[in-house]
Amino acid sequence: MTTVSMKVNGKEVSADVEDRTLLVQLLRENLRLTGTHVGCDTSQCGCCVVHVDGKAIKSCTMLAAEAEGADVVTIEGLAKDGELHPMQAAFHENHGLQCGYCTPGMIMTAVDMVRRLGNSLDEATVRHELEGNLCRCTGYHNIVKSIQAGAAKM
Amino acid sequence: MYETNFHRAGDLAEASRLFAAAKDEARYLAGGQTLIPTMKQRLAAPSDLVSISQIAELKGISVGSEMVTIGAAVTHAEVATSNEVKGAIAALSDLADRIGDPAVRHRGTIGGSLANNDPAADYPAAVLGLGATVHTDKRTLAAEDFFTGLFSTALEDDEIITKVAFPVPEKAAYMKFANPASRYAMAGVLVARMKDGSVRVGVTGAGQGGVFRATDMEKALSASWSPDALADIVVDPAEMLSDLHGSADYRANLVKVMAKRAVQATA
């Protein structure tokens with residue numbers, strides 16, 4: 001067992017966990033932040049994407065112990081004062097989801113994409129950048145539209 | 001995942017100490033983008049993990065007129081977005097930019113990729129194709145001596161890659177045909193003409209023995225640096241991988257097509 005401490009959505013947290021605990025398990029099971037999903041558990045689907053020290057990563061492919069001292073932001077950390085983050089609002093307005101399971105990872109990837117590449121994203125760039133996020137419902141059309149709209153408003 | 005003990009090393013000496021002190025089988029953990037999934041599938045079960053991704057000695061990129069040196073713990077995203085690397089060896093930043101997906105590139109490291117030597121990984125093609133030197137905490141290894149077969153290298157169990165030095169070529173390009181699901185190379189070819197006029201061709205994703213140099217192509221391109229120079233080259237399917245993603249014949253053809261496209265891209 002190890003005590004791990006980090007900042008999650010602006011709050012200092014610490015938990016006693018087994019060394020083999022994945023970051024996503026710490027988030028969901030210890031901190032009850034169940035907005036971060038586990039779709040495939042094999043590092044492919046991107047439902048578990050969160051930001052660690054400002055970078056999008058797959059939280060099913062990182063040990064909680066590796067995030068010791070890190071600044072972690074999950075989907076729950078995006079909305080401020082009851083207002084949806086512009087990217088969340090864009091997914092809502094553009095119907096960028098059907099079942100919604102992949103949505104938290106899509107939005108965290110999208111926010112990271114805008115931070116790295118700027119507010120004006122063409123369709124080809126968005127689709128290329130979504131290679132690590134799978135959606136089994138939508139065919140991606142409205143997801144791409146949502147990300148372009150959200151990017152413009154960020 | 002089976003139980004394991006996690007240790008974080010602050011420097012190389014501490015990493016070696018922690019590795020030696022492990023009660024059973026220790027493994028170094030870099031970005032973890034292969035090792036953690038492998039442990040989750042219970043295909044690896046080290047008793048101890050020694051995390052080396054935050055060791056300062058393994059960080060940093062330095063670019064000179066003759067050499068680009070990349071620390072072993074530098075991530076794919078850092079190589080892909082380095083303007084200095086792009087200016088010196090665009091083929092290298094381009095290769096790094098097409099590994100996996102953005103989230104994987106934020107964690108995965110060059111040292112981790114090379115130590116694992118997955119036969120479909122991208123970096124081995126650059127190390128062999130550019131004739132890079134792999135530096136470890138014990139010695140330096142030429143690219144030809146480093147790769148010894150599928151998932152195997154000349155590294156000893158407790159040896160750590162510290163940096164990789166790539167000679168700056170006159171021109172080079174990397175082309176890969178990626179598996180559409182995993183983004184691993186089904187055939188990836190790096191072609192390079194070095195400043196001394198020599199030509200090197202490194203091929204990943206396709207060979208039965210892992211990454212290899214396509215010496216017939218090197219000869220043909222030495223005589224004439226053009227895609228057409230490769231027209232009569234025959235890649236032997238008997239030496240190619242065959243799996244559910246593609247037959248040996250298909251891969252043999254892909255190698256040639258990717259090589260031609262890479263040469264074209266340097267024009």
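A residue is called buried here if 20 or more other C-beta atoms, placed from the backbone, lie within 10 Å of its own, exposed if 12 or fewer do, and partly exposed in between. By that rule, buried residues make up 51% of the 267 residues in chain B. The structure is a predicted model, in which local features need pLDDT of at least 70 and side-chain atom pairs count only at pLDDT 80 or more, while totals for chains, interfaces and linings use all residues. Residues are numbered from 1 along each chain as its sequence is written, and chains are lettered from A in the order in which they are written.

Chain B contains 11 helices and 14 strands, where helices (H or I, at least four residues) and strands (E, at least two) are DSSP runs numbered from the N terminus. Its C-alpha trace spans about 55 × 45 × 30 Å along the principal axes. Because a compact globule of 267 residues would have a radius of gyration near 18 Å, the 18 Å of chain B agrees with that expectation; the radius is taken over C-alpha atoms, and the globule rule is 2.2 Å times the number of residues to the power 0.38. Among contacts in chain B between residues at least 6 apart in sequence, 61% join residues at least 24 apart, a contact being two residues whose C-beta atoms, placed from the backbone, lie within 7 Å.

In chain A, an open sheet of 5 strands runs in the order β2-β1-β5-β3-β4, with mixed pairing; two strands pair if DSSP finds at least two bridges between them. The edge strands, each pairing on one side only, are β2 (11–17) and β4 (55–58) of chain A. Further in, strand β3 (residues 49–52) of chain A is joined by 2 bridges to the antiparallel strand β5 (residues 71–73) of chain A, and A:H51 has A:V73 in β5(A) as its bridge partner.

Strand β1 (residues 2–8) of chain A holds A:V4, which is buried because 24 other C-beta atoms lie within 10 Å. Beyond its neighbours within four places in sequence, A:V4 is in contact with residues including A:S14, A:L26 and A:E68.

Between the chains, 19 residues of chain B are in contact with 23 residues of chain A. On the side of chain B that touches chain A, β1 (5–8), α2 (35–40) and α6 (102–107) of chain B each supply at least two residues, and α6(B) gives the most, with 5 residues.
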